[in-house]
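Dear colleague,

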Amino acid sequence: MALNARLDHRNPLVFDTHELGRRPGALQRLTRTVDGPKDLGIKGVIGVPEGAPVELELRLESVMEGVLVTGTARAAAEGECVRCLEPLQLDVEAEFQEMFSYPDADDRGRVIAEPGDDAEDDEDRLFLEDGLFDLEPVLRDAVVLALPMQPVCQEDCPGLCAECGARLADDPDHHHDAVDIRWAALQGLAGTMKDGEKDEMSGAEPGVDEKQEK
């Protein structure tokens, strides 16, 4: 990833590493509760509502090439059950670890004259900017991986009736009387038959009774 541009230290997801320093092995632990950013989750499926509290626990470790950030994010996600379509809420805990490199050092910690000389290597790297790093892209990736792709309100949710759409969990005995389509066809045929057709099917010829009477 390219170098970060003008990070704002007032952004709650931007962290300052000046206190940590650049001495390898130095550690710093941070806890912070921030408002959830927009679209934090799987769009249209489940996610953390914008502005909802997200609890962060971070461990910052200074290494040769930058700052290694290890952390956990906890929040309440909201979505819709994929079986019964009822609203649901679940607690999500996402763990992550990311290296934020010094812009003036390569992956072996050696100082380089021009950061970003190796564009191919920079593409997959996150960088510190004036001692600051932005946690938001890392948080987004971690939360998406921690969320279920097909959330359900409960593991054994029976879903909806395929015929009328009723929620089966509300009425466990819900059912529809099944009619054999073959019998239904015969019943319909019998109801439309004329008397002459009935006689013909029974083997009698129309007008036989009249002849016998004469």
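A search of the whole structure finds 5 salt bridges, a salt bridge being a side-chain nitrogen of Lys or Arg within 4 Å of a carboxyl oxygen of Asp or Glu. Before I go through some of them, please note that this is a predicted model, in which local features need pLDDT of at least 70 and side-chain atom pairs count only at pLDDT 80 or more, while totals for chains, interfaces and linings use all residues. Residues are numbered from 1 along each chain as its sequence is written, and side-chain values use heavy atoms, with hydrogens and water left out.

One of the salt bridges joins Arg-10 to Asp-8, with 3.1 Å from N to O. Arg-10 counts as exposed because its relative accessibility is 65%, whereas Asp-8, at 31%, counts as partly exposed; here buried means under 20% relative accessible area, exposed over 50%, and partly exposed in between, computed with a 1.4 Å probe on protein chains only. Another salt bridge pairs Glu-61 with Arg-59 at 3.2 Å, again N to O, and Arg-59 is partly exposed with a relative accessible area of 26%.

A further salt bridge links Arg-140 and Glu-136, whose closest N and O atoms are 3.0 Å apart. These two residues lie 4 residues apart in helix H2, so about one helical turn separates them; helices (H or I, at least four residues) and strands (E, at least two) are DSSP runs, numbered from the N terminus. Both partners are partly exposed, Arg-140 with a relative accessible area of 23% and Glu-136 with 22%.

What is the nearest side chain of opposite charge to Asp-134, which is buried yet has no salt bridge? That side chain is Arg-140, at 8.4 Å, where Lys and Arg count as positive and Asp and Glu as negative, with His and the chain ends not counted. Asp-134 is placed in strand S9 (residues 132-134), and its side chain reaches the backbone nitrogen of Glu-136 at 3.1 Å. If residues up to four places away in sequence are not counted, Asp-134 touches Leu-7, Leu-13, Val-14 and Phe-100, contact meaning heavy atoms within 4.5 Å.

Leu-139, in helix H2 (residues 136-146), counts as buried because its relative accessibility is 0%, and, leaving aside its neighbours within four places in sequence, Leu-139 is in contact with Leu-13, Leu-40, Leu-56 and Ala-73. Leu-139 and Glu-95 are 44 residues apart in sequence, with their C-alpha atoms 8.8 Å apart in space. Val-144, also found in helix H2, counts as partly exposed because its relative accessibility is 32%, and with residues up to four places away not counted, Val-144 touches Gly-41 and Ile-42.

Turning to the fold as a whole, the secondary structure comes to 5 helices and 9 strands, which follow the pattern β-β-β-β-β-β-β-α-β-β-α-α-α-α along the sequence. Of the 214 residues in the protein, 30% are buried, and among contacts between residues at least 6 apart in sequence, 63% join residues at least 24 apart.

Strand S6 (residues 66-80) and strand S7 (residues 87-101) run antiparallel and are joined by 15 bridges, two strands being paired if DSSP finds at least two bridges between them. Within this pairing, Gly-71 has Phe-96 in S7 as its bridge partner. S6 and S7 form a hairpin with 6 residues between them, and Leu-85 in the turn has a positive phi of about 65°. S7 is also joined to strand S8 (residues 126-127) by 2 bridges, and these two run parallel, with Ser-101 standing opposite Phe-127 in S8.

Finally, a search of the whole structure finds 0 disulfides, a disulfide being a pair of cysteine sulfur atoms within 2.5 Å. Cys-81 is in no disulfide, and the nearest cysteine sulfur, that of Cys-84, is 3.7 Å away. Cys-81 counts as buried because its relative accessibility is 0%, and Cys-84, at 3%, counts as buried too.

Notes. A polar contact is a pair of N or O atoms within 3.5 Å; within protein, one must be able to donate a hydrogen and the other to accept it, and residues adjacent in sequence count only if both atoms are side-chain atoms.
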